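Student: Hey, can we go through this structure together? I'd like to start with the charged side chains.

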Amino acid sequence: LTFLSQSLSVEQRETLDPVLTTMNHYEEQVLSYMPAYQKEMESVTQMNDIAVALGERITELLNAQLQQTDHNVRTSEIQLTVTALITLLVGLLIAWFISRQITAPLTHTLTIAERIATGDLTMKVSTSRRDELGQLLNAMAKMNGNLHQMIDDIRVGVGQISTAASEIVAGNTDLSSRTEQQAAAVEQTAA
């Protein structure tokens, strides 16, 4: 521009001088701004590099967290499965134990009832249980003892009846013999 202004007339230069001054001033400011702009561009480049590195690190952390979460989920599933199996096994053992606590005494009570039904009153029934099954066994023992006592009483009564019947038969035989003797004596007297 300075070269162009030298080729112009004085009037034209005077008209153009304020524009040239402004342009020169603008050029100086642009030249003074350029180092700041370059520094800004370097900062932008550094920030972009940092942002890319930060994005990569975030992606790595996210992938690591996803892997850890997957591992935790698998571990929790395994623990839940093992816990469920152990709970099921313990439940089955408890059910088996409770069933044995009920069925064994019932089987024993049924055996006692069948023996009583067949007429075997010689067994001894005893239990240390205090629950309902123990009460049932105690009632069976009492019934067994009462039936045994009744049969003994009946046996004694039958024995007494048999003795009385034998005495009656002996008395009848004696009476019959005496009656025959009296009849014979009456026949002899009448003859």
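Student: Okay, what do the side chains of arginine 57 and glutamate 60 do?
Tutor: They meet in a salt bridge, with N to O at 3.3 Å. Keep in mind that this is a predicted model.

Student: Where do those two sit?
Tutor: Both arginine 57 and glutamate 60 are in helix 2, which covers residues 10-117. They are three residues apart, about one turn of the helix.

Student: And is arginine 57 buried, exposed or something in between?
Tutor: Arginine 57 has 44% relative accessibility, so it counts as partly exposed. To be called exposed, a residue has to be over 50%.

Student: How many salt bridges does the structure hold?
Tutor: Five. Another one of them joins arginine 155 and aspartate 152, at 3.2 Å from N to O.

Student: How far apart along helix 3 are arginine 155 and aspartate 152?
Tutor: Three residues, so about one helical turn separates them in helix 3, which runs over residues 132-190.

Student: Which side of the cut-off does arginine 155 fall on, buried or exposed?
Tutor: Arginine 155 is exposed, because its relative accessible area is 55%. Aspartate 152 has 24%, so that one is partly exposed.

Student: What does aspartate 120 pair with?
Tutor: Aspartate 120 forms a salt bridge with arginine 115, and their closest N and O atoms are 2.8 Å apart. Aspartate 120 is partly exposed at 22%, and arginine 115 is partly exposed at 34%.

Student: Switching topic: which residues make up the largest nonpolar core?
Tutor: There are eight: Ile112, Ile116, Leu121, Met123, Val125, Leu137, Met140 and Ala141. Helix 2 and helix 3 each supply at least two of the core's residues. Helix 3 gives the most, with three.

Student: Let's zoom in on isoleucine 116. What is it in contact with, leaving aside neighbours within four places in sequence?
Tutor: Isoleucine 116 is in contact with Leu121, Met123, Met140, Met143, Asn144 and Leu147. Leu121, Met123 and Met140 are also listed in the largest nonpolar core, along with isoleucine 116 itself.

Student: Now the whole chain. How many helices and strands does it have?
Tutor: Three helices and zero strands. From the N terminus on, the order is α-α-α. The radius of gyration is 64 Å, well over the 16 Å that the globule rule gives for 191 residues, so the chain is more spread out than a compact globule.

Student: What does the C-alpha trace span along its principal axes?
Tutor: About 215 × 25 × 25 Å.

Student: And how much of the chain is buried?
Tutor: Buried residues are 8% of the 191 residues. The accessible surface comes to about 15900 Å², and 63% of that belongs to carbon and sulfur atoms.

Student: What separation do the C-alpha atoms of aspartate 174 and glutamine 101 have?
Tutor: Those C-alpha atoms are separated by 67 Å, and the two residues are 73 residues apart along the chain.

Notes:
Residues are numbered from 1 along each chain as its sequence is written. This is a predicted model: local features need pLDDT of at least 70, side-chain atom pairs count only at pLDDT 80 or more; totals for chains, interfaces and linings use all residues. Side-chain values use heavy atoms; hydrogens and water are left out. A salt bridge is a side-chain nitrogen of Lys or Arg within 4 Å of a carboxyl oxygen of Asp or Glu. Helices (H or I, at least four residues) and strands (E, at least two) are DSSP runs, numbered from the N terminus. Buried means under 20% relative accessible area, exposed over 50%, partly exposed in between (1.4 Å probe, protein chains only). A nonpolar core is a set of buried Ala, Val, Leu, Ile, Met, Phe, Trp, Tyr and Cys residues joined through side-chain atoms within 4.5 Å. Contact means heavy atoms within 4.5 Å. The radius of gyration is taken over C-alpha atoms; the globule rule is 2.2 Å times the number of residues to the power 0.38. Accessible areas come from the Shrake-Rupley method with a 1.4 Å probe; for residues, only the protein chains shown count as cover.
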